[in-house]
Amino acid sequence: MNTGILVTGGAGFIGSNFVLHWILAGKGRVVNVDALTYASNLGNLASIEGDPDHVFVHGNICDAELMARTLAEHRPRAIVHFAAESHVDRSIMGPDAFLKTNIDGTFTLLQAARAYVATLTEEEREAFRFVHVSTDEVYGTLGPGDPAFSETTPYAPNSPYAASKAASDFLGRAWFHTYKLPVLITNCSNNYGPYQFPEKLIPLIITHALTGKPLPIYGDGLQIRDWLFVTDHCKAIVEVLEKGVVGETYNIGGNNQRSNLEVVKTICSLLDELMPESPYTPHAQLITYVKDRPGHDRRYAIDATKIGRELGWKPEESFETGMRKTIQWYLSNAEWIESVTGAAYQEWVTKNYTDRKQKAEG
Ligand code: NAD
Ligand code: TYD
């Protein structure tokens with residue numbers, strides 16, 4: 001076993017931020033397995049191109065043979081599992097890929113990890129960790145006065161995405177209890193920051209506002225999410241990997257509950273301030289209400305007391321500082337935006353929003 005780790009999904013939003021954070025912090029070697037789906041972008045990793053500590057493997061976590069071979073070849077001390085289909089609206093239109101990657105893929109990876117761990121010495125086995133990165137959406141939805149989700153909140157997933165992630169969490173839990181695989185599970189709230197693919201709310205609103213397109217708000221826009229800057233999430237995962245107790249779950253959140261409307265208005269006023277010369281100022285004039293998402297969860301909120309108390313983690317960015325950094329990043333990375341908003345992306349926008357708009361008007 002060497003001192004390196006294996007990451008899955010490291011060409012996606014959070015995975016690439018994690019890989020960059022890991023390499024820049026000089027934490028050692030990362031083998032990065034990614035299938036390069038529509039949501040990925042190797043350009044996210046351009047700043048570490050040629051770095052001998054980053055080894056990219058183009059492959060699918062559902063490929064048992066590839067996963068076994070990659071683990072045997074690189075002999076990592078840990079796996080951090082990000083790879084997933086991650087967008088709720090896509091899971092509503094086509095759940096198949098979510099069940100395949102999130103459930104079958106996690107199952108395949110857990111089995112490969114089990115077989116690999118069996119080849120380690122006792123000391124290496126003791127040190128090995130499998131961190132399964134999951135979401136707060138497994139807990140379902142909250143009413144306005146309900147307490148935030150804790151690690152003991154019962155699972156109640158409502159979307160195909162959330163159900164597939166819940167199933168993968170249960171597999172991780174069972175592989176710990178039954179096979180003693182040293183699994184740790186993290187359930188995090190909504191992330192935002194650099195390199196997020198613009199199908200998700202925050203980058204979608206920024207990229208639409210920059211080009212004067214309508215800013216689509218589902219339903220009444222009063223749904224609440226608990227936003228966390230992505231680097232804070234990456235730092236929390238490092239803490240869980242290095243100090244967490246195997247078999248435990250850690251909830252990670254930013255303590256930043258905001259309605260979608262508040263989030264969109266914050267983006268609009270920051271753009272007004274940063275781009276006073278824009279022809280679309282005031283950007284809030286672009287806000288458009290569209291038909292709601294089916295089964296739309298009303299409110300998520302994370303109680304992150306446990307990770308704070310036991311591992312000493314807390315977010316460093318406030319919503320205001322994180323949003324400013326995020327918008328400045330998108331303003332400085334027009335080429336990146338262009339590279340991810342080509343024909344396939346436009347097709348998704350048409351598919352997801354045309355019908356919504358007609359229904360909102362009808
Ligand atoms: P993302 O969609 O941006 O990236 C997913 C990455 O996984 C992509 O690079 C994709 O190519 C890769 N991938 C997909 N299927 C694969 C497969 N079968 N084999 C190998 N690679 C595959 O997702 P993200 O937003 O970075 O989320 C990463 C993880 O964090 C997910 O597990 C997600 O459930 C979880 N999470 C996300 C958020 C959020 O707000 N984005 C919040 C909490 C938890
Ligand atoms: P999203 O970024 O898709 O994350 P999630 O559904 O995993 O929370 O959406 C965040 C919130 O924003 C969610 O309540 C849905 C809403 N939303 C819109 O109002 N308009 C949009 O165009 C999108 C993509 C999301």
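Helix 6 and strand 6 (183–188) each supply at least two residues of the lining of the second largest pocket in this predicted model. Helix 6 gives the most, with six residues. Helix 6 (160–179) also supplies at least two residues of the shell around ligand 1. The protein buries 97% of the area that ligand 1 exposes when taken alone, as the contacts below set out in context: an oxygen atom of ligand 1 is 2.7 Å from an N or O atom in the side chain of Ser86, and the ligand's area when alone is 840 Å².

**Second largest pocket**

- The volume of the second largest pocket is about 330 Å³.
- Its lining counts 19 residues. Glu151, Tyr155, Arg173, Ile185 and Thr249 lie nearest the pocket centre.
- By class, seven of the lining residues are nonpolar, seven are polar and five are charged.

**Ligand 1**

- The shell around ligand 1 holds 29 residues. Ile14, Asp34, Ser86, Tyr161 and Lys165 come nearest.
- For Thr37, a backbone N or O atom lies 2.9 Å from an oxygen atom of the ligand. For Phe82, a polar backbone atom is 2.9 Å from an oxygen atom of ligand 1.
- Ser86 uses its side chain instead: an N or O atom there is 2.7 Å from an oxygen atom of ligand 1.
- Ligand 1 exposes 840 Å² when taken alone, and the protein buries 97% of that.
- Helix 1 (13–24), strand 5 (129–135) and helix 6 each give at least two residues to this shell. Strand 5 has the largest share, with three residues.
- The shell of ligand 1 has 13 nonpolar, 13 polar and three charged residues.

**Ligand 2**

- Ligand 2 is surrounded by 18 residues. Glu137, Arg225, Arg293, His296 and Tyr353 are the closest.
- Side chains supply the contacts listed here. An N or O atom in the side chain of Tyr353 is 2.6 Å from an oxygen atom of ligand 2. For the side chain of Arg225, the distance to a ligand 2 oxygen atom is 2.8 Å. For the side chain of Asn260, it is 2.9 Å.
- Alone, ligand 2 exposes 510 Å², of which the protein buries 97%.
- Helix 7 (201–210) and strand 8 (215–218) are the elements that give two or more residues to the shell around ligand 2. Strand 8 has the largest share, three residues.
- The shell of ligand 2 divides into eight nonpolar, five polar and five charged residues.

**Cavity**

- The whole structure has one cavity of 30 Å³ or more. The largest cavity has a volume of about 40 Å³.
- Residues lining the largest cavity include Val88, Ile92, Ser159, Pro294 and Asp297.
- Glu137, Arg225, Arg293 and His296 also line the largest cavity, and these residues belong to the shell around ligand 2 as well.

**Aromatic pairs**

- A search of the whole structure finds 21 aromatic pairs.
- One of them joins Phe107 and Trp175. Their ring centres are 6.0 Å apart and their planes stand at 90°, so the pair is edge-to-face.
- Phe107 lies in helix 4 (residues 96–117) and Trp175 in helix 6, so the pair ties together parts that are 68 residues apart in sequence.

Conventions
Residues are numbered from 1 along each chain as its sequence is written. Chains are lettered from A and ligands numbered from 1 in the order in which they are written. This is a predicted model: local features need pLDDT of at least 70, side-chain atom pairs count only at pLDDT 80 or more; totals for chains, interfaces and linings use all residues. Side-chain values use heavy atoms; hydrogens and water are left out. A residue is near a molecule or strand if one of its heavy atoms lies within 4 Å of it. A polar contact is a pair of N or O atoms within 3.5 Å; within protein, one must be able to donate a hydrogen and the other to accept it, and residues adjacent in sequence count only if both atoms are side-chain atoms. Accessible areas come from the Shrake-Rupley method with a 1.4 Å probe; for residues, only the protein chains shown count as cover. Helices (H or I, at least four residues) and strands (E, at least two) are DSSP runs, numbered from the N terminus. Ala, Val, Leu, Ile, Met, Phe, Trp, Tyr, Cys and Pro count as nonpolar, Asp, Glu, Lys and Arg as charged, and the others, Gly among them, as polar. On a 1 Å grid over the protein atoms alone, a cavity is a set of points where a 1.4 Å probe fits but cannot get out, and a pocket is an open set with protein on both sides within 12 Å along at least five of seven lines; lining residues have an atom within 4 Å of a point. Grid points are joined across faces, edges and corners, and a volume is the space filled by probe spheres set on the points. Rings of Phe, Tyr and Trp (its six-membered ring) pair if their centres lie within 6.5 Å; planes under 30 degrees apart count as stacked, over 60 as edge-to-face and the rest as tilted.
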